[in-house]
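Dear colleague,

I am passing on the structure below, and my notes on it follow. Please read them with the structure open beside you.

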Amino acid sequence: MHRLEFILRRIGTSLFVLVGVTLITFALARVVPSNPAALYIGPRARPADIERVTRQLGLDRPLPEQYLTYMGDVLQGDWGASIATKRPVLQELGDRLPATLELLLAGMAIAILAGVPMGVISAQHQGRPADFAVRFIAILGVSIPAFGLGLLLQIFFFRTVDILPLSGRIGKELRFASPIAETTGLLLLDSLLAGNWTGFRDVLWHLILPAVTLAAYPLGLIARMTRGTMLEVLQQDYIRTAHAYGTRERVIVYLYALKNAIGPTLTVIGLTFAFALTGTFFVEIIFNWPGMGLFTVRSLLNLDYPAIMGITLFGAVSYVLINLVVDLLQAWLDPRITLR
Amino acid sequence: MTLSAVQPAAGLPQRPTRAMQIWQIIRRDPLALASLIVITLYLLMAIFAPWVAPYPAQGEGRTSAATVMMAPSPAHWLGTDQLGRDVYSRIIFGSRPAFVVPLLVVGLAVLIGAPLGAIAGFKGGWFDEAIMRVTDLFLAFPSLLLAMAITAALGRGLENAALALVISWWPWYARLVRGAALSLRERYFVEAAQSMGVRETTIIARHILPNCLSPIMVQATVDLGTVILAMGGLAFIGLGTQPPAADWGLMISEGRTSILESWWIAIFPMLAMLILVLAFNLLGDTLRDIFDPRQYR
């Protein structure tokens, strides 16, 4: 009973936040700029155009009415058209989503698969060299600017040792030699499904550097959080009891302790998705990755206002949804949460 | 008898001030001490930039056609960029925005967030509810994304980027201080003040806020590093500091186009940024160990 109530309440607050988010993007789009119509036309706005767009966007209407129309449009999937490409913003974002998603998932996978064990090992060997090494890597990860790390990796792995490609998602030759049939847009998955091994290898090779660059920050946060909670859990009585029973160390640490330490780490993972999302912007510039980040940055610089607002809304909505999923996951892992 | 009469008798050891206690701990922690020294050196470098930089005019943006993209040498320790400017001098001048902006951003975020959080936590009720829901909305955005959108709405440039970061940063402090105020509210000294009829504003200003200083300080130290990275990111994209001013993020962006031939243009500013952020993070870690903010949860 409690659990259902918790889930419903949590979904309710998320809906409230989503409505509030549109209020902020609305304010940024229509209220903050001194002449929103000019922004919607772009740098070369003529007075006649401004008048036309003012009427078209309903900028001469009272604000509450404007907001309701804005909300209606957003809900119906009309997020405006990009100034640069003249295509609907939602479509532009949708086309670029798979590339960014592939990068994001690969980066987060590296961060989680490396960060959690690193945190565990660090906690297990507190005060010893392994602990110092992990803490150093973790703090380095959160201190290095992603755009700087990307450049460093490019210099080393492309210029110095020349084993990984410089940038892009797939090699130029490959596009003709063994093109990848796109079904999901996630090229790694597509090439695997098609059994295209040359393609798979090429895509994987292109993915490594951007994914590692993106992973640095989340990895640092995840490793630190895991270490902190593991240190607490390992001091608990039930762990000592398990030791007294002669349970194997590995079982104690990875089964009994980690299971109880993973909760706060999950929250951090949810939060780092936000960092990773903006992190992809920088990674995509550095590695010329054809995703939403590259589109965002181009829109920001060209003052492609409808596009910028669409991206902001998209980022906030996905962030709210990710945090909702993380909270529900946590309630499922630890039923006590629903009682709070 | 007045209160001033109750002073410690001469000869008794004075109770060390909080600043002295912190200093005692940092002094014994080599990493924290090193971080503090690094930060001080950077600060001196920022203040005395025109005197420290070998080519102060180039640091401020003057170009030099005769020395374009030269590798590091005794004349130019860290090489020169595409416009012939001495990278070392540019890094020194770049430390100015790297210090001023984060201090300003974090300072303003604390000034806005802390009082709101303290009032919310202390008074509770509808005000608390309202503040918390408003922070919910701001925290629903990835903070750098919100800052980017605000900068785009206000127009690009250093001042607007800084303002945008303040707008997306204050809710964190409101949350932090509210949590601390919630637990302080139950403490005896606050109850005592209340029972003596001290005004609420006085209680918040004299008793709640001063006792929230440690968690704020821990968070602010780490945030100084984070804001340096965020500012660098905005400048890297082209929304922050505009050329020809010197800014590490901007320098990395300028050096990116010729990264394979002239790696020094981008890599040295990156290292300058990394070392300062690392110092703030290490110092923040030590402070966190001293005052564990979790006690306020």
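A salt bridge here means a side-chain nitrogen of Lys or Arg within 4 Å of a carboxyl oxygen of Asp or Glu. By that rule the side chains of A:Arg224 and B:Asp285 form a salt bridge, with 2.4 Å from N to O, and the count between chain B and chain A is 1 salt bridge.

Some conventions come before the rest. This is a predicted model, in which local features need pLDDT of at least 70 and side-chain atom pairs count only at pLDDT 80 or more, while totals for chains, interfaces and linings use all residues. Residues are numbered from 1 along each chain as its sequence is written, chains are lettered from A and ligands numbered from 1 in the order in which they are written, and side-chain values use heavy atoms, with hydrogens and water left out.

The interface

The contact (heavy atoms within 4.5 Å) takes 48 residues from chain A and 42 residues from chain B. Between them the two chains bury about 4,000 Å², of which 80% is on carbon and sulfur atoms; buried area is the accessible area, for a 1.4 Å probe, that two parts lose on being put together, summed over both. Across this interface the rule finds 5 residue pairs in polar contact, both residues being at pLDDT 80 or more. A polar contact is a pair of N or O atoms within 3.5 Å, where within protein one must be able to donate a hydrogen and the other to accept it, and where residues adjacent in sequence count only if both atoms are side-chain atoms.

On the side of chain B that touches chain A, the elements giving two or more residues are helix 6 (125-139), helix 7 (143-154), helix 11 (213-237), helix 12 (248-256) and helix 13 (264-290) of chain B, and the largest share, 10 residues, comes from helix 13 of chain B. The residues of that side divide into 31 nonpolar, 5 polar and 6 charged, where Ala, Val, Leu, Ile, Met, Phe, Trp, Tyr, Cys and Pro count as nonpolar, Asp, Glu, Lys and Arg as charged, and the others, Gly among them, as polar.

The fold of chain B

The secondary structure of chain B comes to 13 helices and 0 strands, these being DSSP runs (H or I, at least four residues, for helices; E, at least two, for strands) numbered from the N terminus. Its C-alpha atoms fill a box of roughly 75 × 55 × 30 Å, taken along the principal axes.

Cavities

The structure holds 5 cavities of 30 Å³ or more. On a 1 Å grid over the protein atoms alone, a cavity is a set of points where a 1.4 Å probe fits but cannot get out, and lining residues have an atom within 4 Å of a point; grid points are joined across faces, edges and corners, and a volume is the space filled by probe spheres set on the points.

The largest cavity has about 80 Å³ of space, and its lining includes B:Pro97, B:Ile228, B:Asp247, B:Trp248 and B:Met273. Helix 5 of chain B gives the largest share of that lining, 5 residues, and the lining residues divide into 8 nonpolar, 3 polar and 1 charged.

The second largest cavity has about 40 Å³ of space and is lined by B:Asp81, B:Val87, B:Arg90, B:Met251, B:Glu254 and B:Ile265, which divide into 3 nonpolar, no polar and 3 charged.

With best regards

Definitions and conventions
1 Å grid on protein atoms, 1.4 Å probe; cavity = no way out; pocket = protein on both sides within 12 Å on 5 of 7 lines; lining within 4 Å.
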